[in-house]
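User: I have a structure to read and some questions about how its parts pack. Can we take them one at a time?

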Amino acid sequence: MVRTFLTKTFSTLTEAFQNCLKRFPITVCFAIALTGYLIYWVTIEKEERLFFIIAYYLSIGTLLSLTLHLWCEEIKKPSARIITQAVAHVLLIADSVFLYYLSPEESLTEITIAHGAGIFALGISIFFLSFTKEKNDIASWNFTLSSLTYFVTACAIGSIMSGGINLLVFSLHQLFDWNIDSKWYIYITVVCNILLAIFLFLGLLPQGAAKHDRTPLSKSFLNTVIHYLFIPLLSGYLIVLYIYAARILVKWELPIGWVSWLVTTLMAGCIAVEFGLYPSRMANVKKADNRIARYLPVLILPLLILMTIGIARRFNDYGITINRLYLITFNAWCYMVCIGLFITKAKRINWIPISFAVIFLLTSVLPVNYSSITRNTLRNDILKELKLHAYDMPLSEKEYTAWVNTLPPEKARSINDKIMYLHSYFGEESLSDLFSERIDAVLTTNADKDILIEQRTSAKTIIEIPKGYGHFIEVSQIEDISNKNISDDILPVPVNDKDKGITDTVYLDLKALGSLADKYPREDTPPQRIKCKLNEHLFISTYINVTRFANEGHTSVNLSGYLFIKNN
């Protein structure tokens, strides 16, 4: 009986593998190669660029071959299928070679966003590319629901098997004291969560008539969730946002930035409702669903104006960034979706994610994209200011410091923020023709900020307990002190310990502390004994940072050390 069971199990697994190999031959090869390569990678423990590029190629190749196999099932000409597969994989190889030879000094922001857009478009093409000839979106809706269900199922089974086998192997060590290399646990995890999960997913994917199932799913758990949970929730969002819109209209105020998040959530919920109601609407179960699908976007449309105003305000206050360009594009796409659903009476819905992917792709992959537009705009703004003041480039740190100190505080802060943004997102290369020195040094300059003191005691320093003091509390706090409270360069800093009920004020002598900078390294300043308001207390510092913000009228103090208490 056991032999029959094992034979049947082996036969079933063999048949499933053969079906996968017959239907998705290239995908299976990529999955096996990816699994084997990851196991090899774990074994040799190297982190060279080549290893990351090969992993990228095999991962994307698995996804690319799957979507192409599904699409090629709809193509009758064998030559067209072969040419499509060949061209796509040659492009993937070219992309991998490009990434390998990419200069390490070049910013990865633009390339990362472009590849993210491409991978996203490739991922959703699995669900829609095979159904372009359908009269409605029922077949692709059913295929998408089935595929996502099978994907979650395959991942769950892979995780369960991985955990179960790893537990079994660990038991061999616990019960029989077998010495098992920790890498074997990673091998098992890779095989179960990648190879097994992929094979299960490929074997479960609908094919033939099941792939193009055009029967609307009129009654389902999802339909119930949409009617009794999602629609009431969206109603709450609509009520709150309309009340808020009326309030700012009466007070004649601009909307705050938080509105954009609420409207985005509302729009995401609207799209979820459109997809959730689509099968029952096509089955003509409830006419009310058709009214909801058509007029819900109309109710959202005026609220998109709030989002537009909020984004425009951010542009006006803080200028251009990559995120804001994508956000305003998303806002425009939301207008298009709402208007499109109303005009078409929501008879087709696949165009919603497809249009999102296409717009994301066009704004990210083309030579002129949102990353390059942001970089060039910020650079031009800086160049314009430099040319206005007749500076020759590149500037040294000294020249830059002298320049920003001549600017109004708001202008200086704006220039500095743009330089920091370029440095953070596009690297030093984007500023190499503007500054002759490392940008890190230039960015420390700020016309509004003056670091008065920064001293740190080495962690190896032994702090002796002052004579007559028996107890102490550790102090580590940041305080903002009004510049009006600083008299004769004495800075009062309140310290307290609520748990022990201790409150006092430490008086920092800025002149005395500043003189230490000429005697000791900043990172190895001896601990300083500092006077307190109460005679029974003495403060010994381990770290002091005093930064004055002249235009904001306050001084920030970062203080660490020990507050010693006299013996009674």
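Analyst: Start with a term: contact means heavy atoms within 4.5 Å. Keep in mind that this is a predicted model.

User: Leaving aside neighbours within four places in sequence, which residues is Val273 in contact with?

Analyst: Val273 is among the residues with the most contacts inside the largest nonpolar core, which has 37 residues. Set aside its neighbours within four places in sequence. The residues in contact with Val273 are then Ile226, Phe230, Ile231, Leu234, Ile292 and Leu296.

User: How do helices α2 and α7 run relative to each other?

Analyst: Helix α2 covers residues 25-44 and helix α7 residues 183-204. Their axes are 10 Å apart, at an angle of about 170°. Angles over 145 degrees count as roughly antiparallel. Therefore α2 and α7 are roughly antiparallel.

User: What kind of aromatic pair do Phe30 and Tyr57 form?

Analyst: Their centres are 5.6 Å apart, with 65° between the planes. Planes over 60 degrees apart count as edge-to-face. Phe30 and Tyr57 therefore form a pair that is edge-to-face.

User: Is Tyr57 buried or partly exposed?

Analyst: Buried means under 20% relative accessible area. Phe30, at 9%, counts as buried. Tyr57 has 21%, so Tyr57 is partly exposed.

Methods: Residues numbered from 1 in each chain as written. Predicted model: local features only at pLDDT ≥ 70, side-chain atom pairs only at ≥ 80, totals over all residues. Heavy atoms only, no water. Axes fitted to C-alpha atoms, helices over the stretch in contact; angles between N-to-C directions. Helix = DSSP H or I, 4+ residues; strand = E, 2+ residues; numbered from the N terminus. Parallel < 35°, antiparallel > 145°, perpendicular 65-115°, else oblique. Core = buried A, V, L, I, M, F, W, Y, C linked by side-chain atoms within 4.5 Å. Buried < 20%, exposed > 50% of the residue type's maximum accessible area, 1.4 Å probe, protein only. Phe/Tyr/Trp six-rings, centres within 6.5 Å; stacked < 30°, edge-to-face > 60°.
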